[in-house]
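Visitor: Hi, I'm new to this one. Could you walk me through it?

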Amino acid sequence: MIIILARKTLRYLLPYRFLFLVAIAQVILLNALELLKPWPLKLIIDNVQVGGQPLPWEFLKGLSREQLLLAICIGLVLIYLLWGSLSLLHNYTTISIGQRMVNDLRGDLYSHLQRLSLAFHNRQQVGDLLYRIATDTYAIQSLTMNTAIPILSAVVFLVGMFVIMVQLDPLLTFLALSVCPALFITLSLLNRPINKAATQSHQQESVVYSLVQRNISAMRIIQAFTKEDEEHNKFMAASRESLAARLRLYNLQSLYSGVVSLVSAVGTALVVWVAANQVLAGELTVGELVLFTSYLASLYDPINSISQTYGMTQWAQVGVMRVFEILDIERDLPEGTKTFPRVGAKGEIVWDSVSFDYLPNQPTLKHINLRVRAGEKVAIVGPTGAGKSTLVSLLPRFYDPQVGRVTIDGVDVREFQLKSLRRQIGMVLQPPIVFPLSFRENIAYGRPDAALSEVVSAARLARIHDLIVSTPEGYDTVVGERGATLSEGERQRLTIARAILLDAPILILDEPTSSVDAETEALIMEGLDRLTVGRTTLIIAHRLSTVRQADSIVVLRAGQIVEQGTFAELMSQKSAFAALYRTQFSLQGEK
Ligand SMILES: Nc1ncnc2c1ncn2[C@@H]1O[C@H](COP(=O)(O)OP(=O)(O)OP(=O)(O)O)[C@@H](O)[C@H]1O
């Protein structure tokens, strides 16, 4: 598991391998300077003070005591100066590698999410996905730059120090290192609970995200039902859970650091005691004792930092796992290779023995056989939940049927490239989705290269042009800003303009059922009528006039086609449609 995760993470590091090598070189240099830091003090104590040993280096031999002291102090400043500048550079290098990795991972995740089917998105909580993109992706930076590099640095430092210490006094070195087994036992004991706490912390945080996302998008309902206090309580409960999970993680990390500090203190006391005795016995110089104790303080630092980064590693590991979990989901809509000719599809559509279910053993569509000729206008009617939206969703492959096939011009839609397939289908769906972009960008969403004149003529046909030019910046006004807040009917007309501009040979229309006023509805219907001329059109029909005008009417009930025919044919018999007509459409008819 860890190995697979490491391999996947390394794939994101690969493009920055040269920069990473530079970072490693910086780590080695930084630690060499770190190891040099206590030496000036040792030299002053052992060699500069009265009665001290002469320095072993030739070029320093001619210097007076004062000059030597000055030289050592300059050396000290230089070591710190170099160390400081290199540290800055090193931070910059690691942060820039980490951020680029986050950027790449985010890009991949976002692009992958956009290609996963609606079946996947229906199952997912939006807030959870947001959390994975916005927060979990940072884990790859934590995992590589904020944990791997410090651990590498600690290891380099420990090895360097070991080499120097062992030459000065092997016994003391082994005493100092004797704490390591105790530390590793602590590490392995706390491994599992820290990992569990890290996972829970991520999960609870994403629950909070999901709750916020759901409630903000349902604010109108919450306010209408005055549920603010109740929703606030739910939010606080989720937030408290998240806080508790985070605190559990911090507690475990603190416990771990505490144990490390205790073990370190015992080790230090042991070493100082033995070393002081050696100085008294004349076996060790005072300068060496100083060097040893300052190394000793630094020896526990890297071990401490390994332990502290350990908690973070667990947290980051879970984050990265959550990102790869999504990236590993196979695209459930494998693409075909065929494309439509440049002039577009002819538009003959067939549902050939199609059955479909959203959930296993709960069929939504059963044995659908339906043929729609090119250029035909078909109204799909039926009680709510009959499967009307599902039936048309199979055409642009929002879902694929489990049984049977849907064809356009005789070819299974699964054989086409998705882009080419969806370019053939204009859709005006409910509710109308409008982006916070300019009017022009909204209308040209499917054809961003369209000329302004084309956008304007689509807007005129959809009867939205007058409204657009009355806004402060006309077609450049951003929808939702400065007086460009749109009503439901206006949004609908904007989406009709979008479909007109796309100029696709097949149309899927979900008629508005929301209570737009009669005048707006007439305008919308006029826009739709213009749109449907000469195109194969599937209309989920709610209006009597649409049903009447359709070339053919398909009556769907409980996922099955129960009747099909023209309005006159269906009305002439004692049909299900006649019953539906009486309940659903009669009121409109009487108007
Ligand atoms: N994403 C989904 N996951 C599970 N079940 C779903 C999903 N979407 C729809 N359904 C179920 O499938 C059935 C058919 O739904 P569909 O939206 O196709 O009906 P409809 O005829 O268009 O209804 P309406 O007229 O109310 O829009 C319903 O029982 C619905 O609950």
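Guide: One term to begin with: domain bounds here come from an automatic or database domain assignment. This is a predicted model, where local features need pLDDT of at least 70 and side-chain atom pairs count only at pLDDT 80 or more, while totals for chains, interfaces and linings use all residues. Residues are numbered from 1 along each chain as its sequence is written.

Visitor: Okay, which domains does the assignment give?

Guide: The chain gets domain 1 (2-327) and domain 2 (375-396 + 415-590). The C-alpha centres of domain 1 and domain 2 are 57 Å apart.

Visitor: What does UniProt say about transmembrane regions?

Guide: The unreviewed UniProt entry annotates "transmembrane region" at residues 12-33, 68-89, 147-165, 171-190 and 255-276. UniProt positions are given in the numbering used here, feature names are shortened, and annotations may be inferred rather than shown by experiment.

Visitor: Switching topic: which residues are around the ligand?

Guide: They are N122, Y358, L359, T364, G382, T384, G385, A386, G387, K388, S389 and T390. A residue is near a molecule or strand if its C-beta atom, placed from the backbone, lies within 6 Å of it. β1 (349-359) and α13 (388-393) are the elements that give two or more residues to this shell.

Visitor: Which element gives the most?

Guide: That's α13, with three residues.

Visitor: And how many of the shell residues are polar?

Guide: Eight are polar, three are nonpolar and one is charged. In this count Ala, Val, Leu, Ile, Met, Phe, Trp, Tyr, Cys and Pro are nonpolar, Asp, Glu, Lys and Arg are charged, and the others, Gly among them, are polar.

Visitor: You mentioned β1. What sheet is it in?

Guide: β1 belongs to an open antiparallel sheet of four strands, ordered β2-β1-β4-β5. β2 (362-372) and β5 are the edge strands, each with a single partner, so one side of each has no neighbour in the sheet. Two strands pair if DSSP finds at least two bridges between them.

Visitor: How many bridges join β1 to its neighbours?

Guide: Seven bridges join β1 to β2, with V354 opposite I368 in β2. Five bridges join β1 to β4 (residues 403-408), and there V350 has T407 as its bridge partner.

Visitor: What about β4 and β5?

Guide: β4 and β5 make a hairpin with two residues between them, and D409 in the turn has a positive phi of about 50 degrees. T407 stands opposite D412 in β5.

Visitor: What's the order of the six-stranded sheet?

Guide: This open sheet goes β6-β7-β8-β3-β9-β10, with mixed pairing. β6 (425-428) and β10 (560-565) are at the edges with a single partner strand each, so one side of each is left without a neighbour in the sheet. β6 pairs with β7 (residues 506-510) in the parallel sense over four bridges, and V428 has L509 in β7 as its bridge partner.
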